[in-house]
Amino acid sequence: MTESDKQYFVGTVKAIFFENPENLFKIFTIKIKKTNTDWDANDIVVTGSFGEISEEEEYRFEGNMVDHPKYGKQFQATSYKRSRPSGRKELISFFSSDEFPGIGKKKAEKIVDELGENAIDKILQDPHALDFLKLGEEKTNNIVDQISKNHLTEQVLYQLNNYGFGTTLSARIFQKYGAQTLDKITEDPYQLVLDVKGVGFKRADELAKRLGITGDDPRRIKGALIQMVSLIINETGDTFVSQNDLIKRASGVLNANSTPDLNKKLLSGLKKLVNDGALAVEDGHVYEKNLSDSEWSIAQSLKMITDTFKGVEWTKHQFKKELKHVEKTFKVQYDESQEKAIEQSLTHSIFLLTGGPGTGKTTIINAIVSSYAKLNDATLDPSSEDYAIALAAPTGRAAKHMGESTGLPAMTIHRLLGLTGTEDDEFAEPTLDCKLLIIDEMSMVDTKLFRTLINAVQPGTQVVLVGDKDQLPSVGPGQVFSDLINSDVFPTTILNEIHRQDEDSTIIQLAHDINEGIIDDAIFQNKADRSFINCNSRNVPEVLSQIVSKSEDRGFDIADVQVLAPMYRGQAGIDNLNVVIQNVVNPMAPKRKEVSVGNTKYRINDKVVYLVNTPEDNVFNGEIGKIVGIILAKENTDHVDKLIIDFDGNEVSLDRKDWINISLAYCTSIHKAQGSEFEMVILPLVNEESRMLRRNLLYTAVTRSRRLLIMVGDRSAFERSIRDQSNERQTTLKERIFATFKINPKREEPEEDKAEPKDYHLTLDMVMNNSIDPMIGMDNVTPYNFL
């Protein structure tokens, strides 16, 4: 399509009735002045991502007519620009308008006479074009700034669109760089990989080729290295990448094997990125700088908490007496390991508690809270100004369970810290005003979130971290809970004895058998609370349909039934199974409302999962809700489709633009289910998912079930999962802890290494990479020495 063939509208903006400041998306109506389409009405709705759009101003919009199923005909703009005055008369009127005070008609005529009908372009290209008027520097700059303000945004977005960026990415890039956008990306398009979420190496590479940047250009090498570090970390969950592996994979991405000394150039590019503060390198490990900093920061905060704890004033006799009172109150009998855990949590600054399902973690938390309050004369009244206990978990469901079991306020870690769930969280520096902090479901907490959490803890606070170290690690990089336990630096109790299990229940024992690597026929034998159905991936959808259909006859509401799967693709994948189950439990019928996003359809009563954190609405990633209302655009004054979703009593209204933040939840990933429990779990595993089949994945899925577990699929897939223990992530948090706490882990060193004297010359690189212990020369010094 040539420039002249593009569909366009020229018109005056009448009313802007929706705008999203995050992606610059807007919906507004224009009064039409001119168009090359067959649209014959006086106005039309325009949508798209725009910079500054002012009502009563005239613009030219290019794009496509679309027929929205609910909104009707509208114009989807891909580019736009403010209509410029054309001809001598319009230009004189423009320059003598109120936008340029002090110009007047005579000076406006001089501008047009001197610069011609391209006066605006000439002024934008050369700010000195107006020097002939001798207005003085300040007035001249004001005119240039006003013209630039009027036309810069649309010029930049228009050019980004020409470079192949969509409207959303263009808006995101402009938000990052502002007026310097075009200069920034033409100078180094690969900087986008580092600065703008959603721009990868491939997209930056396409732009670079258009700008003549190819081969082994240092900027291209930098972009490839940044992309590969991020990609590998996100794939593996490790906090670093092997330098050799990085060089190898980056070389493959660059596709420049014939380039002489490519490895040498890659190493040079890596050094430059380290000097720029984007990456860190230590002992052959390459880190994203913020991940390296996070590990060091965690270790240093843990040391501060340990050093500033002053101990307790009560005696062991008082503890024993209070524990008996707690046992009587909660009608429990703590065994020796549980009693030890409670005592250690109350007498140490940092305490770790791990155990599988049914081992008593919840009852121990109750005892810790109750005993802490009694022994320290602390209030358990949350409304009191002296209340100083904070309870939190990574997910809303886990926090709710924590609150219900303790009878005290519990919330998500994000809400506790006042985080927004956006990229800005990385720079947040919250503080926690509490004396006792208890975090549940710690295995789900990744390195960056734990850094923010533990940095917020104030001196003198006691910290209790609770979880199940054998569950899946966090979605984000790291394995914080496992690393803390395996460091052996902090007092830890590992609970092994099962306390919570009905006589007829076998699910908890099954989970423990899986964790022990036991494989025998008993796992696949049908019991009162669990069963196994052998079938291949093609038959999984039909088998699940029948199970779900019959679940209601067994007294299960669909809200209590959860299908958990490892992968999204394939016949037995999450995407397909969601559609299959939706059509079984909530089929479309005449006169029912239904809305669509891509291939996904939503109906009233559909089960959905929230995919991001939105603290202002008190709804968080992983929470499951039910659609209770659909309001179509033609039924409301905002002219936008809306879904009303009930998240366990918290009703949230989502406009169409926010529907990317939800998905159907009849079937969810096992990762998403962490921190939640369901009355009935259906677990399909097939051999096509072989790369995902791990013991901790199966263990985590099984432990989500309270009353009934139905395993479906290939027996060999379940057996493979039990055998495979390859779940250890590559991190250096333990090493950071050892260095900060001055602990020498026992390890055999090669003789030749022992003989090699180290070079102890201090360099800037050593400081920047945190290779120097920040506590050097401060043995036995605590913050209290400075108070």
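**Entry 1: a threonine and its neighbours**

Which residues does T362 touch, not counting residues up to four places away in sequence? I looked and found H401 and S405, where contact means heavy atoms within 4.5 Å. T362 has its place in helix 15. I take helices (H or I, at least four residues) and strands (E, at least two) as DSSP runs, numbered from the N terminus. With a relative accessible area of 29%, T362 is partly exposed; buried means under 20% relative accessible area, exposed over 50%, and partly exposed in between (1.4 Å probe, protein chains only).

**Entry 2: ground rules**

I remind myself that this is a predicted model, where local features need pLDDT of at least 70 and side-chain atom pairs count only at pLDDT 80 or more, while totals for chains, interfaces and linings use all residues. Residues are numbered from 1 along each chain as its sequence is written, and side-chain values use heavy atoms, with hydrogens and water left out.

**Entry 3: the annotated site**

I checked the UniProt record next: its unreviewed entry has a "binding site" annotation covering G358, T359, G360, K361 and T362. UniProt positions are given in the numbering used here, feature names are shortened, and annotations may be inferred rather than shown by experiment. I found G358 in the loop between strand 9 (350-355) and helix 15 (361-375). G358 counts as buried, at 4% relative accessibility.

**Entry 4: ring pairs**

On to the aromatic rings! Rings of Phe, Tyr and Trp (its six-membered ring) pair if their centres lie within 6.5 Å; planes under 30 degrees apart count as stacked, over 60 as edge-to-face and the rest as tilted. By this rule I get 17 aromatic pairs. One of them is F28 with F61, a tilted pair at 5.5 Å centre to centre and 45° between the planes. F28 lies in strand 2 (residues 25-35) and F61 in strand 4 (residues 58-68), so this pair ties together parts 33 residues apart in sequence. Both F28 and F61 are buried.

I also looked up F240 and Y287, a tilted pair with 5.6 Å centre to centre and 55° between the planes. F240 sits in the loop between helix 9 (218-236) and strand 6 (241-242) and Y287 in strand 8 (residues 285-288), so the pair ties together parts 47 residues apart in sequence. F240 counts as buried at 8% relative accessibility, and Y287 counts as buried at 1%.

Finally, I noted that F28, Y59, F61 and Y80 form one aromatic cluster.
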